[in-house]
Amino acid sequence: MNKSGNQKTVKRFNLGFRISHWVNAAAFFVLYISALPMYTEFFDWLYPVFGGPAGARLVHRIAAVAFMLPLPIMIIFDWKGFSNWAKNIFSWKKHDLQFFPQFMKEFFGMKAKVPKQDFFNAGEKINSWLMIITTIMLICSGLIMWFPQYFPYGIIMWAYPMHSIGLGLAAAVAIGHIYMSLVTAKPSMRGIIKGDVSEEYAKDHHGRWYDELQAAEPKKKKHA
């Protein structure tokens, strides 16, 4: 537990996890913008931003390499954070399933009693799985399109629609994620920027995790 001004805060994300998150976000944004003029003539006006079609393809490929870096960054620089994330998204219990109907009530401004959640709540777990699935779709299909000489013609033909579907799904996930971060759970942004969140936010949105922190506090004081 720490203090930020008059507000008590708790550590949420280490630097490695935060860097991984923002590399992923920046790479996806550049990939999306650079892909638009290649996808449809309606966005041809974007080509001059990249110096023409060749420049757009180059930027897209550089961003594609960056898009593959978040997982290695997290594993190398924040193994503890990666392990915690992996453990959480594979853990589904009664309180996770009870989250969704209550969350929908809260989302539409109705009274809700959301059960205490883990370090990652059920919504964040779903977001993680959607991110994993769309990332696999984009990277696998993208590599096939980038190096078609190494793949059979049939696989190449499947790669194009898979890339488009993956992009559409990933964009929808990203928009939902941004909306949730900026509108319904704004205090969470501090966690992914500065690494800590208010104690009040942790208690209200991640009660089970907060209870674990509280239980561990006496042990820390004892060994201090």
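This is a predicted model: local features need pLDDT of at least 70, side-chain atom pairs count only at pLDDT 80 or more; totals for chains, interfaces and linings use all residues.
**Note on the domain 1 and domain 2 interface**

1. Between domain 1 and domain 2 the count is 1 salt bridge. Its partners are the side chains of glutamate 124 and arginine 12, at 3.8 Å, N to O.

2. Which elements give two or more residues to the side of domain 1 that touches domain 2? They are helix H1 (15-39) and helix H3 (53-67). H1 gives the most, with 7 residues. By type, the residues on this side of domain 1 divide into 9 nonpolar, 1 polar and 4 charged.

3. The domain assignment places domain 1 at 11-79 and domain 2 at 93-217. Their C-alpha centres lie 18 Å apart. In contact are 14 residues of domain 1 and 23 residues of domain 2.

4. The size of an interface is often given as the accessible area lost when the parts come together. Here, the area buried between domain 1 and domain 2 is about 1800 Å². Carbon and sulfur atoms give 70% of that area. Arg12, Phe28 and Phe67 supply 35% of what domain 1 buries against domain 2, more than any other three residues.

5. One more residue deserves a look: histidine 95. Histidine 95 lies in helix H6 (residues 94-107). Is histidine 95 buried or exposed? Histidine 95 is buried, because its relative accessible area is 8%, and buried means under 20%. Leaving aside neighbours within four places in sequence, histidine 95 is in contact with Pro115, Lys116, Gln117, Asp118 and Arg208.

Notes
Residues are numbered from 1 along each chain as its sequence is written. Side-chain values use heavy atoms; hydrogens and water are left out. Helices (H or I, at least four residues) and strands (E, at least two) are DSSP runs, numbered from the N terminus. Buried means under 20% relative accessible area, exposed over 50%, partly exposed in between (1.4 Å probe, protein chains only). Contact means heavy atoms within 4.5 Å. Domain bounds come from an automatic or database domain assignment. Buried area is the accessible area (1.4 Å probe) that two parts lose on being put together, summed over both. A salt bridge is a side-chain nitrogen of Lys or Arg within 4 Å of a carboxyl oxygen of Asp or Glu. Ala, Val, Leu, Ile, Met, Phe, Trp, Tyr, Cys and Pro count as nonpolar, Asp, Glu, Lys and Arg as charged, and the others, Gly among them, as polar.
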